[in-house]
Amino acid sequence: MFIESTAHLPISLAMFQDLFHAPTTTDILRVGLRWLHFVAGITWIGLLYFFNLVNVPFQKGLDPDTKKKVNPDLLGRSLWFFRWGAVVTVLVGLAYFAMYILKSDVANANAIGGGHINVWWVLFAWLTYPIVLFIVEFAIIKKVPALIKDGRVYAVIMLILTVFVSWGLLKFFDAMLTVGGQSFASNKTYSIGIGGAYGIVMLLNVWGIIWPNNKRIIAATAGTGPAAPPELARQAFIASRTNAWLSLPLLFFMGTSHGDWVIFGK
């Protein structure tokens, strides 16, 4: 009876051959990079929202003794996943952008337009935009306390700087990927190029301001380090809140890169 019931099993399984397609090596690499980017990004942005929406108001209600008991372990553990999630998200995203998005546009510009564009030079030049934006932001947060005293003033300044850099990125990709009067910059390159730039600023905020400041604050709270200057908490808060707001257009541009709405280019 058992033999009869399984006699046609291979034929039954053959029905699925048109539904399942074995991946190629390229497919595995491409999908794997996207999957890792998503998982790391969810970890990073999820903790970012936890810090801004839950932890900040929660901390206001804790007395010093409770903070000493809770914060070293809670924040130490969560900040570990937070900062390394940021690293993995950005590095994998950079690899995917260079290998599959930017490289495709450059290849079209060279093959169809007869250009001589180097994808790595375009990538390097693109990186200067978020790095310069972070340097300006870092200088404001660390060196000009009057501008971060009122969050609304700082927000307006950052909005102007971010819009200016975003406009500059649009002009940059248009100039770098135009050959013979024809632009080969795709909507994906524009969208991910702008959204990814925000992500790099966010990564630099994590490792340049949020983590170093919190590391000193946690050590002081646990009694394993010297007293932390009071301005460190404000600086870390402003940088974290900047990341929370930047994450919104970042995710928006990641969404527009898939073609539901071709917001830039073609």
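Let's start with Ser 191, which sits in helix H8; helices here are DSSP runs of H or I with at least four residues, strands are runs of E with at least two, and both are numbered from the N terminus. Ser 191 is buried, at 0% relative accessibility. As for the cut-offs, buried means under 20% relative accessible area, exposed means over 50%, and partly exposed is what lies in between, with a 1.4 Å probe and protein chains only. The C-alpha of Ser 191 is 5.3 Å from that of Ser 257, although 66 residues separate the two along the chain.

A word on the source: this is a predicted model, where local features need pLDDT of at least 70 and side-chain atom pairs count only at pLDDT 80 or more, while totals for chains, interfaces and linings use all residues. Residues are numbered from 1 along each chain as its sequence is written, and side-chain values use heavy atoms, with hydrogens and water left out.

## The overall layout

The protein has nine helices and two strands. Read from the N terminus, the order is α-α-α-α-α-α-α-β-β-α-α. Of its 266 residues, 39% count as buried.

Take the contacts (heavy atoms within 4.5 Å) whose separation is 6 or more: residues 24 or more positions apart account for 78% of them.

## The nonpolar core

The largest nonpolar core holds 62 residues, and the members touching the most others are Trp 44, Phe 82, Phe 97, Leu 102, Trp 126 and Phe 173. A core of this kind is a set of buried Ala, Val, Leu, Ile, Met, Phe, Trp, Tyr and Cys residues joined through side-chain atoms within 4.5 Å. H4 gives the most, with 16 residues.

Leu 102 is a handy place to look around. Leaving out residues up to four places away in sequence, Leu 102 touches Phe 97, Val 119, Val 122, Leu 123, Phe 173, Leu 177 and Thr 189.

## Thr 189, a polar residue inside

Thr 189 belongs to helix H8. Its relative accessible area is 0%, so Thr 189 counts as buried. With residues up to four places away in sequence set aside, Thr 189 touches Phe 97, Ile 101, Leu 102, Asp 105, Phe 173 and Leu 177.

What does the side chain of Thr 189 join in a polar contact? The partner is the side chain of Asp 105, at 2.5 Å. A polar contact is a pair of N or O atoms within 3.5 Å; within protein, one must be able to donate a hydrogen and the other to accept it, and residues adjacent in sequence count only if both atoms are side-chain atoms.

## Helix H4: cap and bend

H4 spans residues 64–111 and bends by about 45° at Asn 71, with a proline, Pro 72, following within four residues. The bend at a residue is the angle between axes fitted to the seven residues ending there and the seven starting there. Asp 63 caps the N-terminal end of H4, placing a side-chain oxygen 3.1 Å from the backbone nitrogen of Asp 65.

Asn 55 lies in H3 and is buried, at 9% relative accessibility. Apart from neighbours within four places in sequence, Asn 55 is in contact with Phe 50, Leu 74 and Leu 75.

## Two salt bridges

Side chains of opposite charge can pair when their charged atoms come close. The whole structure has two salt bridges, each defined by a side-chain nitrogen of Lys or Arg within 4 Å of a carboxyl oxygen of Asp or Glu. One links Asp 73 and Arg 77, at 3.4 Å from N to O. These two are four residues apart in helix H4, so about one helical turn separates them. Asp 73 is partly exposed at 48% relative accessibility, and Arg 77 is exposed at 53%.

Arg 152 and Asp 150 form a salt bridge as well, with their closest N and O atoms 3.2 Å apart. Arg 152 is exposed at 66% relative accessibility, whereas Asp 150 is partly exposed at 28%.
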